[in-house]
Amino acid sequence: MSESNGVKIIGLKVSGIRKIAAVEMQLADKGLIPIIGKNRQGKSTILDSIESLFSGKKSLPDDMVKHGLTKGIVEAEVSD
């Protein structure tokens, strides 16, 4: 089995995006990472935030920034 040459997200910080005031997470090095929660708790927002890292600002819906704020932040820590 060959090793991937891609970049891995090992940490994610999201703040001021939709209903997420602030979240910081360290991600597992291997395997699947379940995103579990009740409806309207931010699961899709986490996925949209990750998508924005790869696709840029153009991929974001107009309603991504939390109501009342002028900007939101999505940061990733990566390893190769």
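**Figure 1. E75 in the predicted model: a partly exposed partner in a salt bridge.** E75 is partly exposed, with 41% relative accessible area. All panels show a predicted model. E75 forms a salt bridge with K13, and the closest N and O atoms lie 4.0 Å apart. The two residues come from distant parts of the chain: K13 sits in strand β1 and E75 in strand β3, 62 residues apart. K13 is partly exposed as well, at 39% relative accessibility. Why do K13 and E75 count as partly exposed rather than buried or exposed? Buried means under 20% and exposed means over 50%, so K13 at 39% falls in between, and so does E75 at 41%.

**Figure 2. Strands β1 and β3 pair in the antiparallel sense.** Strand β1 covers residues 8-17, and strand β3 covers residues 73-79. Their pairing runs over 7 bridges. K8 has S79 of β3 as its bridge partner. L12 stands opposite A76, also in β3.

**Figure 3. Strands β1 and β2 form a hairpin.** Strand β2 spans residues 20-26 and pairs with β1 over 6 bridges, in the antiparallel sense. S15 stands opposite A22 of β2. The hairpin has 2 residues between its strands. R18 lies in the turn and has a positive phi of about 45°.

**Figure 4. R18, D48 and D63 form a network of salt bridges.** D48 is partly exposed at 22% relative accessible area. R18 is partly exposed too, at 23% relative accessibility. In the salt bridge of D63 with R18, the N to O distance is 3.6 Å. D63 lies in the loop between α1 and β3, 45 residues from R18 in the loop between β1 and β2. How many salt bridges does a search of the whole structure find? The search finds 3.

**Figure 5. Three strands make an open sheet in the order β2-β1-β3.** The pairing is antiparallel. Why does one side of β2 and of β3 lack a neighbour in the sheet? Both strands stand at the edges and have a single partner strand each, so one side of each is left without a neighbour. Neighbouring strands in this sheet are turned by 10° against each other on average, direction ignored. In general, strands of a sheet pair through backbone hydrogen bonds, either parallel or antiparallel.

**Figure 6. Helix α1 lies across β1, β2 and β3.** The helix runs at about 115° to β1.

Definitions and conventions:
Residues numbered from 1 in each chain as written. Predicted model: local features only at pLDDT ≥ 70, side-chain atom pairs only at ≥ 80, totals over all residues. Heavy atoms only, no water. Pairing = 2+ DSSP bridges. Helix = DSSP H or I, 4+ residues; strand = E, 2+ residues; numbered from the N terminus. Salt bridge = Lys/Arg side-chain N within 4 Å of Asp/Glu carboxyl O. Buried < 20%, exposed > 50% of the residue type's maximum accessible area, 1.4 Å probe, protein only. Axes fitted to C-alpha atoms, helices over the stretch in contact; angles between N-to-C directions. Contact = heavy atoms within 4.5 Å.
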